[in-house]
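Subject: Structure handover

Here is the structure you asked for. My notes on it follow below.

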Amino acid sequence: SSVGATNTMDGKREATCSSSRHPPSKKSKHKQSKAPITVQQQLETALHQWTGLSIATLRVRGAGRTDKGVHASGQVAGFDVPLSLLKGEGGGGSDETTDSCDRLSEHAFPLLRGAYQSLTQHRHQPTNSDTGNANDNIQRKTYTDQWKIRRALSTRLPPDIVIRSTWIWNGDEAFEARQRISCKTYVYHLRFRSLTYCSPSTTNNDDTSQLHPICHAGPHLLRRISDQNDVWSSPWPLDPSLLPTACQLFVGVHDFGNFIHKDDRRGGSTRSKRNATDREKSHSIDLFQFTVDLQLDQYEDRSIPPIYDAKFTLKAKGFHRQMVRNLVGFVVDVARGLRLLEDIPMLLTGTAGHEKTRIGDAISSSIIDASLPSLVNAAPACGLCLAKVEYERNNFV
């Protein structure tokens, strides 16, 4: 995680954290009604134990929530520490404006106050090049405060939640982890066997009989000892040459309404034209990047169809619920021969002509529109990871 702080109008110091975690025992970043243990609750507990501040004062919030089973190596979270507690002696309030009975613990006060002093020095340091070693000392002091705060929190967290870095927010406005995001990066890991055909059979005209027999072996032969439930082993053989082409067709500004969560797709037929227009705008996203990096497995026997490790990278300012998994799932369906590359423009526009497609003969555009969501299947959550969150203003110290 990374922690940051800022001076705000209400006299609080903002802190931000970006965390890495594996999801089997923790449900998601944010609280959910059916999740008894969440990453947010673990962070709140660790911060409360270390600082002695109440959950309401700390106000832990994250850059976004992830579905159950999704990993995160670059999640960002923030927490608050009132400046009045840092200016006082021993972690208590320094004046009558303190409206809380919170008091910093003796363990947290020296580290947080030192970080605040480093922030003050950073704000008043000279901007010319004649600063000598003064800036170097400030940078070293700030770094020392960061790793000590990181260690203090890490010792109070379970092993599947790791704080990667700590930052101090240096801005005139309060830091909010979910606001002013310039780019989110998701990574999806997939392992599959290459779709390989044998010589055509002279006695059997069935196309499936031409596939190499190992292509029907399922995902069990794809497992590796180093797997940590962070990769999807495809049960079907895939054509690796189709993956980059399919990914590239999604890049740009499109209406991704057919790739959102199935619960969010419902009810479109009874809406007015105005609501339909608003819905189209809300699902329009500029997908900066959708690429796939294919690595050949070096340990597989060369006499049989090869195994590939695929790493999908998707970047955008934001994504709808389950959108990344739906995009990867559809690309996989194209590579396995279940869908066509020509289906992608149809799904991105939400309409199609009266030509024959994989969903059957089109009788009317409304029937096609009603059938579009059936083309999309979500990839499993285990392969998805929130890798990075970037902000418009990088005012971190």
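Cys 247 is buried, because its relative accessibility is 0% and buried means under 20% relative accessible area, with exposed over 50% and partly exposed in between (1.4 Å probe, protein chains only). Cys 382 is also buried, at 17%. The whole structure has 0 disulfides, a disulfide being a pair of cysteine sulfur atoms within 2.5 Å.

This is a predicted model, in which local features need pLDDT of at least 70, side-chain atom pairs count only at pLDDT 80 or more, and totals for chains, interfaces and linings use all residues. Residues are numbered from 1 along each chain as its sequence is written, and side-chain values use heavy atoms, with hydrogens and water left out.

Gly 52 sits in the loop between α1 (39–51) and α2 (55–58); helices are DSSP runs (H or I, at least four residues), numbered from the N terminus. Gly 52 is partly exposed, at 33% relative accessibility. Leaving aside residues up to four places away in sequence, Gly 52 touches Leu 47, Asp 102, Arg 103 and Ser 105 (contact means heavy atoms within 4.5 Å). Its C-alpha atom is 9.8 Å from that of Phe 109, which is 57 residues away along the chain.

The search of the whole structure also gave 1 cavity of 30 Å³ or more. A cavity is a set of points on a 1 Å grid over the protein atoms alone where a 1.4 Å probe fits but cannot get out; lining residues have an atom within 4 Å of a point. The largest cavity holds about 70 Å³ of space, and its lining includes Arg 193, Cys 215 and Trp 236.

Note on methods: 1 Å grid on protein atoms, 1.4 Å probe; cavity = no way out; pocket = protein on both sides within 12 Å on 5 of 7 lines; lining within 4 Å. Points joined across faces, edges and corners; volume = space filled by probe spheres on them. Helix = DSSP H or I, 4+ residues; strand = E, 2+ residues; numbered from the N terminus.
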